[in-house]
Amino acid sequence: MDDRTEPLALVADVLACPLCGADVVAVRPSVLCATGHAFDVARQGYASLVVGRAVAGDSAEMIAARDRFLSAGHYDRVSDAVVDAVPSTAGVCVDVGGGTGHHLTRVLDARPGLTGLVIDSSKPALKRAARRHPRAAAVAADAWAALPLRSGSIDVVLSLFAPRNPAETVRVLGTGGLLVVVTPTPRHLAELVAAVGLVRVDERKEERLNRQLADFEAMGSDVLEYRIDLNRADAIDDVLMGPSGHHADADTIAASLASLPDPVAATVSVRVSVFRAKRADS
Ligand SMILES: [Zn+2]
């Protein structure tokens with residue numbers, strides 16, 4: 001087996017052709033569907049199951065910031081909360097909008113029965129995600145569109161600080177599958193928000209989330225909140241890795257943060273919710 005496609009081979013059973021929906025029959029050296037559509041596997045090991053024009057996703061600068069920030073451990077407690085929400089049964093866990101695969105790697109380390117898959121649209125993120133864990137594959141696809149996954153094939157879907165696609169999520173999970181969602185609360189990084197005018201969390205997000213998830217049963221929801229001390233470089237990375245990174249570069253963010261103490265105390269405040277798919281045929 002080619003090193004490059006080994007993690008992809010582990011998830012071949014759950015992949016579906018984004019063009020015709022057929023099963024995927026081979027992942028070496030490119031992904032082939034049963035009717036002959038072929039998709040590239042990048043040198044770094046992720047498959048591009050993209051139809052039409054690719055969505056660019058997070059930039060290389062944003063992803064580098066995310067990698068540095070998460071590797072420093074500031075969000076380890078968020079990872080731990082996600083791990084706690086994932087049962088230790090065997091199966092496939094997909095992180096939709098999973099970026100560099102940081103949180104999924106923590107889940108796989110704690111849950112040896114699971115195989116992982118990161119779906120993202122950012123190539124710089126996928127290059128990292130594809131090499132992060134021996135049981136985690138990475139696939140380029142648009143999280144807003146049809147997911148290139150077989151119906152009812154997935155046991156757990158993670159949606160961490162990421163866009164949600166409830167109709168596709170319930171389809172790929174099938175009845176009984178779990179969706180774990182992490183969303184920032186309005187208090188998340190409030191100290192940095194005030195300084196740089198970050199993209200604010202919509203206070204009605206919770207309400208909107210619940211409305212979108214009519215095909216799911218709410219299993220539990222908790223707020224995780226704690227303080228972190230961030231030196232200037234970490235604070236810049238924390239802003240750059242989020243939605244604001246699409247609008248401002250590191251220098252602009254650094255200038256906005258100049259009036260804050262260094263280090264600055266910031267609040268991490270997220271809601272961790274677990275949902276069970278009620279039915280997949282709606
Ligand atoms: Zn096909």
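Mentor: Buried means under 20% relative accessible area, exposed means over 50%, and partly exposed lies in between, with a 1.4 Å probe and protein chains only. The model is a predicted one, in which local features need pLDDT of at least 70, side-chain atom pairs count only at pLDDT 80 or more, and totals for chains, interfaces and linings use all residues. Residues are numbered from 1 along each chain as its sequence is written, and side-chain values use heavy atoms, with hydrogens and water left out.

Trainee: Is Leu189 buried or exposed?

Mentor: Leu189 is in the loop between β9 and α7 (190-196); helices (H or I, at least four residues) and strands (E, at least two) are DSSP runs, numbered from the N terminus. Leu189 has a positive phi near 55°, although the residue is not a glycine. Its relative accessibility is 7%, so Leu189 counts as buried.

Trainee: What is the relative accessible area of Phe161?

Mentor: Phe161 belongs to the loop between β8 and α6 (166-173). Its phi is positive, about 55°, and it is not a glycine. Most residues other than glycine have a negative phi, and most peptide bonds are trans. Phe161 is partly exposed, and its relative accessible area is 35%.

Trainee: Which residue does a cis peptide bond join to Asp262?

Mentor: The residue is in the loop between α10 and β11. Omega of the bond is about 5°. The partner of Asp262 in this cis peptide bond is Pro263.

Trainee: Which residue in β11 is the bridge partner of Val181?

Mentor: Strand β8 (residues 156-160) and strand β9 (residues 178-184) pair in the parallel sense over five bridges, and there Ser159 stands opposite Val181. β9 also pairs with β11, in the antiparallel sense and over seven bridges. In β11, the bridge partner of Val181 is Ser273.

Trainee: How many residues of β11 are buried?

Mentor: β11 pairs with β10 in the antiparallel sense over 14 bridges, and Leu224 has Val270 in β11 as its bridge partner. β11 is mostly covered, and of its 14 residues the number buried is eleven.

Trainee: Which residues of α6 are buried?

Mentor: α6 is mostly covered, with six of its eight residues buried. Just after this helix, Gly174 takes a positive phi of about 75°. The buried residues of α6 are Pro166, Glu168, Thr169, Val170, Val172 and Leu173.

Trainee: With which residues is Leu173 in contact, leaving aside its neighbours within four places in sequence?

Mentor: Contact means heavy atoms within 4.5 Å. Leu173 lies in helix α6 and is buried, with a relative accessible area of 3%. Its contacts are Gly152, Ile154, Asp155, Val156, Val157, Leu178, Leu179, Phe216 and Ala277.

Trainee: How are α9 and α10 set to each other?

Mentor: The axes of helix α9 (residues 232-240) and helix α10 (residues 250-257) come within 10 Å and cross at roughly 120°. Angles under 35 degrees count as roughly parallel, over 145 as roughly antiparallel, 65 to 115 as roughly perpendicular and the rest as oblique. α9 and α10 are therefore oblique.

Trainee: How many nonpolar residues has the contact of α9 with α10?

Mentor: Arg232, Ala235, Ile236, Val239 and Leu240 in α9 meet Ala250, Ile253, Ala254 and Leu257 in α10. Ala, Val, Leu, Ile, Met, Phe, Trp, Tyr, Cys and Pro count as nonpolar, Asp, Glu, Lys and Arg as charged, and the others, Gly among them, as polar. By class, the contact has no polar residues and one charged residue, and the number of nonpolar residues is eight.

Notes
Axes fitted to C-alpha atoms, helices over the stretch in contact; angles between N-to-C directions. Pairing = 2+ DSSP bridges.
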